[in-house]
Each structure stands twice: as structure tokens, then as C-alpha cells.
Amino acid sequence: MSAIAIKRLTRTIGWLIRLSLCSTPFFADAQQSPVTVRVESAGAGAVSDAVVWLSPLDHPPSASDTERRTHKRPRLTQRNKSFEPHVLVVGVGTTIDFPNRDPFFHNVFSLFDGKRFDLGLYEAGATNSARFDRVGVSFLFCNIHPEMSAVVVAVNTPYYAISDRSGHASLPDVPDGQYEMHVWSERALPEDLRKQIRTVTISSTSRTLPPIHLSGNPNVNTAHKNKYGQEYVPPPDNTYSHP
């Protein structure tokens with residue numbers, strides 16, 4: 001066999017080896033499994049719609065790291081006089097769309113610490129948006145319909161998730177390292193949430209965190225005033241008495 005033929009054969013073998021390493025089974029094994037944790041409450045069992053996030057301690061996350069989770073612009077849809085979903089977590093700097101899918105006017109406003117804004121009135125089929133450019137929890141309401149509320153949690157990390165109905169949260173693509181774990185729940189007291197902050201170590205053999213136990217808040221009050229700080233005006237009573 002000539003030297004040229006041997007060289008070609010060597011290249012072919014090398015190419016086949018690289019191809020086999022890039023096959024699906026290899027990458028399935030090489031990919032890190034998500035970090036999982038369960039959020040529980042004494043007496044209430046699983047806690048859904050709890051936000052869990054991990055802030056890296058080994059290196060601060062960059063803006064590109066924080067925004068890379070947003071493959072598609074998130075939405076909080078107004079439908080049937082409610083926001084869908086009720087709780088949304090995003091990386092700081094994310095723009096959220098608020099499409100109106102009801103056959104009447106809506107408004108979106110927030111006067112709380114995460115992001116203060118007022119999108120004004122807009123009609124059915126229209127969409128407005130807001131950029132959440134600071135870390136924090138924003139409580140959102142409609143100035144027309146007092147029963148409407150939603151929560152946006154903006155975090156400075158790409159490693160976050162919301163617990164499902166069984167209380168489980170799954171955080172994808174978390175590299176090995178040390179992190180500060182945070183949790184937020186609408187049904188928990190602020191002091192209880194502060195107690196949950198802790199340092200955790202993520203590794204190839206430690207990707208399931210101990211359960212998070214929240215004491216719960218038996219006095220959750222969802223009542224709120226309108227964007228002017230006044231009580232909502234009840235809708236007009238169109239009924240009339242028959243003679």
C-alpha cells in the first residue's frame with residue numbers, strides 16, 4: 001500500500017471515530033441532567049408556582065448568560081379576565097409581551113419593587129410589552145378588572161425554574177460548582193423565604209437538592225387598589241325592577 005493510500009485510510013478512520021463520538025448516545029450520556037428540587041409546605045403538601053433559582057458563587061453571571069434562556073420572547077396573555085400564566089420567571093433584561101385575547105379593553109400596571117410601569121388601555125387583539133430591567137418581584141394587575149393579577153420574578157442568573165403541581169422544579173443546564181439557592185412563593189412569608197437562602201454544591205453526583213420546606217402564609221391577601229391608589233369602582237348595575 002502506498003504512502004498516499006495509507007494517509008487517506010488514516011484520515012478516513014479518524015473521521016469515522018469522530019463521527020461515532022458525535023452520535024446521539026454519546027451526547028445523551030455527556031449532557032448534564034437537570035438539577036431538581038421539591039418545594040413543600042407544612043400541612044399543605046406540594047407548593048406549585050414557586051420560583052427557585054441558583055446564583056453562581058464561582059463567577060458572576062454575565063448579561064449574555066442571564067438572557068440566553070430566552071429563546072423566544074415570553075408572554076403573559078390576558079384571557080378570560082385572567083393572566084396566563086399567573087407566575088413567570090425571566091432573566092433580568094427580558095422583554096415580556098402582554099397580548100389581549102379578550103373581546104374588551106385591558107390594562108397592565110405594576111407599582112411594586114421589581115418593575116414599575118403602566119401600559120395604559122388597549123383593545124382586543126392588541127399587544128403591549130415591557131422590559132424587566134431590574135432584579136425583583138413585580139405584582140401585576142389590570143386597572144379595569146380587580147380580579148386579574150400576575151407575578152413576574154426577574155433574576156440575575158440563567159438557572160431558574162417554577163415548581164409544578166407536584167412541587168417539583170427542574171433547572172436545566174446548570175454547570176458543576178457552588179451556588180446560592182433562592183426560592184420565592186406567593187404563599188410564603190418574606191422572613192421564611194430569607195431563611196431558605198443557602199449555599200449548595202452542584203456536581204455530577206449531586207444534582208438533586210434536599211426538599212425546600214416553606215411554612216406558608218395563612219393570611220395571604222390578594223386585595224389591592226387600582227393604579228391611582230384608590231378602590232376599584234364596581235361595574236354599573238344594569239338591572240332594573242319591573243313594574
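Q: Rings of Phe, Tyr and Trp (its six-membered ring) pair if their centres lie within 6.5 Å, with planes under 30 degrees apart called stacked, over 60 edge-to-face and the rest tilted. By this rule, to what number does the count of aromatic pairs come?

A: The count comes to five aromatic pairs. This is a predicted model, in which local features need pLDDT of at least 70 and side-chain atom pairs count only at pLDDT 80 or more, while totals for chains, interfaces and linings use all residues. Residues are numbered from 1 along each chain as its sequence is written, and side-chain values use heavy atoms, with hydrogens and water left out.

Q: How is the pair of F98 and F117 to be described?

A: A pair of aromatic rings is described by the distance of the centres and the angle of the planes. The rings of F98 and F117 have centres 6.1 Å apart and planes at 40°, so this pair is tilted. F98 belongs to strand β7 (residues 94–99) and F117 to strand β9 (residues 117–122), so the pair ties together parts 19 residues apart in sequence; strands here are DSSP runs of E, at least two residues long, numbered from the N terminus.

Q: Which kind of aromatic pair do F117 and F132 form?

A: F117 and F132 are edge-to-face, at 5.7 Å centre to centre and with 80° between the planes. This pair links strand β9 with strand β10 (residues 127–132), the two residues being 15 apart. F98, F117 and F132 form one aromatic cluster.

Q: Is F117 buried or exposed?

A: Buried means under 20% relative accessible area, exposed over 50% and partly exposed in between (1.4 Å probe, protein chains only). F117 has 11% relative accessibility and therefore counts as buried, and F132 is buried as well, with a relative accessible area of 1%.

Q: Where is the place of S166, and with which residues is S166 in contact, leaving aside its neighbours within four places in sequence?

A: S166 is found in the loop between β13 (160–162) and β14 (168–171), and S166 is partly exposed, because its relative accessible area is 33%. Leaving aside neighbours within four places in sequence, S166 is in contact (heavy atoms within 4.5 Å) with R38 and A46. The C-alpha atoms of S166 and A46 are separated by 5.4 Å, although these residues are 120 residues apart along the chain.

Q: With which side chain does the side chain of S166 make a polar contact at 2.7 Å?

A: A polar contact is a pair of N or O atoms within 3.5 Å, where, within protein, one must be able to donate a hydrogen and the other to accept it, and residues adjacent in sequence count only if both atoms are side-chain atoms. The side chain of S166 makes such a contact with the side chain of D164 (2.7 Å), and another with the side chain of H168 (2.9 Å).

Definitions and conventions
Helices (H or I, at least four residues) and strands (E, at least two) are DSSP runs, numbered from the N terminus.
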